[in-house]
Amino acid sequence: MTEIWKTLPGWIRYIVVPIIALIVAWAIVSAVIGAIFGLMWFIFGWVIKALVIVALGAVVVILVKKASR
């Protein structure tokens, strides 16, 4: 591997390879960040749905109690 690296022209070793490495690193980092934010929004969505269901249940209980008087 070292022999292959040494036979490459300098512009490939010092310009092309770092650019490719940055692109690959950017893709990996953006995928990880996207997965984290996606999971957070998924959990946030479930929490909001649960709160809405609890609130609707409380409203129904209050209305039933008022109607039964």
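I started with burial: buried residues (under 20% relative accessible area, with exposed over 50% and partly exposed in between, 1.4 Å probe, protein chains only) make up 0% of the 69 residues in the chain. The model is predicted, with local features needing pLDDT of at least 70 and side-chain atom pairs pLDDT 80 or more, while totals for chains, interfaces and linings use all residues. Residues are numbered from 1 along each chain as its sequence is written, and side-chain values use heavy atoms, without hydrogens and water.

I looked up the fold next. The chain has two helices and zero strands (DSSP runs numbered from the N terminus: H or I of at least four residues for helices, E of at least two for strands). Helix 2, residues 10-68, reaches 86 Å from first C-alpha to last, close to the 87 Å expected (1.5 Å times one less than its number of residues). I noted a kink of about 30° at valine 16, shortly before proline 18; the bend is the angle between axes fitted to the seven residues ending there and the seven starting there.

I then checked the aromatic rings and found two pairs (centres within 6.5 Å; planes under 30 degrees apart are stacked, over 60 edge-to-face, the rest tilted). Tryptophan 41 and phenylalanine 44 have ring centres 5.4 Å apart and planes at 85°, so they are edge-to-face. Tryptophan 41 is exposed at 57%, and phenylalanine 44 is partly exposed at 43%. Phenylalanine 42 and tryptophan 46 are also edge-to-face, with centres 6.2 Å apart and planes at 70°.

Last, I found the charged end of lysine 49 over the ring of tryptophan 46, 5.1 Å from its centre (NZ of Lys or CZ of Arg within 6 Å of the centre and within 35 degrees of the ring normal).

Note on methods: Phe/Tyr/Trp six-rings, centres within 6.5 Å; stacked < 30°, edge-to-face > 60°.
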